[in-house]
Protein chains: 2
Amino acid sequence: MERKRIAVDMDNVMADIGFQLLGWYRDRTGVSLTEQDMMGKDEIAVFPDPSIARGFLYEPGFFLEAKVMEHCREVMEKMNKVHDIFIVSAAMEFPNSLAEKYAWLERHFPFLGWQQFVFCGSKSIIHADYLIDDHLKNLDFFAGEKLLFTAPHNIHVTKYTRVNTWLELADIFL
Amino acid sequence: MERKRIAVDMDNVMADIGFQLLGWYRDRTGVSLTEQDMMGKDEIAVFPDPSIARGFLYEPGFFLEAKVMEHCREVMEKMNKVHDIFIVSAAMEFPNSLAEKYAWLERHFPFLGWQQFVFCGSKSIIHADYLIDDHLKNLDFFAGEKLLFTAPHNIHVTKYTRVNTWLELADIFL
């Protein structure tokens, strides 16, 4: 594949925010949901008390401590050598997350530069060949090729080409 | 003019960063430069000790306390009603500025929403009809129509259509 400009979402594509929500909710309330419970459900509304889960998105540490999705780091490092990668996060809804997301990227992806980071409110402003994202609200308004990254909340979506893992992304882009 | 998608730079277009640099440098060193001294010069290298001026860009308060450019607020409010406005700042070089720039926009432009904010490293990722910016490094890599907003450092540039004030932007877009 020739060199492409690829926009990559952070939450649930690079950072395992679903796992983070489950863990924080369990620690805070004692209530354990499984990834199976999340299937096909809105990732916040699925919790018995959604306001608690939503509150986590504004709490210090929530984004900073998220774990990296499986195989993301090594595949991204290779993709970064042969494509123009931009990390595009709709971070503006949670302004306290801006510094944490920046620090998280520097910590886990030291081979990326700040020139490649984009924090926005709407991804309709993004000019790229591909957008890899788990949310329809982002993909719907993107002008280029759309890849839906599988997350529990989107398993019933059939609208876009689906990728399930970073190994599948490696097959497409490497 | 039909509805357009307009990307607007912050520093030296919405926020008077040149004035801020002059004031902070004078307060810190006792050395007063005038706007005339800045004409045609790099906005940091022009100072007797550029490292001091560059240091300001990393200091708390520097971006937060910048004054709004003349006529920017009222013209922007009108433009925001008839066009799709995005505020696009190459803020990633100064990660501590992210929260301050967000707060500054909310303070001075309450009619804008976070959906319209974009903080990026490179403006080559921006998809819009227009980019209004004072820096060639941003305009050069933008795919749409380019408008060079006059700042002391760029007065000798002849490469792009120039706008000198927000009143001229009103003439174009309103």
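This is a predicted model: local features need pLDDT of at least 70, side-chain atom pairs count only at pLDDT 80 or more; totals for chains, interfaces and linings use all residues.
Reader: What is the radius of gyration of chain A, and what does the globule rule give for 174 residues?
Author: Chain A holds six helices and six strands, in the order β-α-α-α-β-α-β-β-α-β-β-α from the N terminus. The globule rule and the radius of gyration are close, so chain A is as compact as a globular protein of that length. The rule gives 16 Å for 174 residues, and the radius of gyration of chain A is 16 Å.

Reader: Which percentage of the residues in chain A is buried?
Author: A residue counts as buried if 20 or more other C-beta atoms lie within 10 Å of its own. Of the 174 residues in chain A, the buried share is 40%.

Reader: How many Å separate the centres of domain 1 and domain 2 of chain A?
Author: Domain 1 of chain A is made of 5–16 + 66–173, and domain 2 covers 17–56. The two domains touch, with 11 residues of domain 1 in contact with 11 residues of domain 2. On the domain 1 side there are five nonpolar, three polar and three charged residues. Taken over C-alpha atoms, the separation of the centres is 22 Å.

Reader: Why do the copies meet through the same surface?
Author: In the contact between the chains, 21 residues of chain A meet 21 residues of chain B. The surface is the same because the interface residues of chain A are also interface residues in chain B, and the share is 100%.

Reader: Which element gives the most to the side of chain A that touches chain B?
Author: Both α4 (97–108) and β3 (117–120) of chain A supply at least two residues to that side. By class, the side has 15 nonpolar, five polar and one charged residue. The most, four residues, comes from β3(A).

Reader: Which residue of β3(B) stands opposite Cys120(A)?
Author: Strand β3(A) is joined by three bridges to strand β3 (residues 117–120) of chain B, and the two run antiparallel. In β3(B), the residue opposite Cys120(A) is Val118(B).

Key:
Residues are numbered from 1 along each chain as its sequence is written. Chains are lettered from A and ligands numbered from 1 in the order in which they are written. Two residues are in contact if their C-beta atoms, placed from the backbone, lie within 7 Å. The radius of gyration is taken over C-alpha atoms; the globule rule is 2.2 Å times the number of residues to the power 0.38. A residue is buried if 20 or more other C-beta atoms lie within 10 Å of its own, exposed if 12 or fewer, and partly exposed in between; C-beta atoms are placed from the backbone. Ala, Val, Leu, Ile, Met, Phe, Trp, Tyr, Cys and Pro count as nonpolar, Asp, Glu, Lys and Arg as charged, and the others, Gly among them, as polar. Two strands pair if DSSP finds at least two bridges between them. Domain bounds come from an automatic or database domain assignment.
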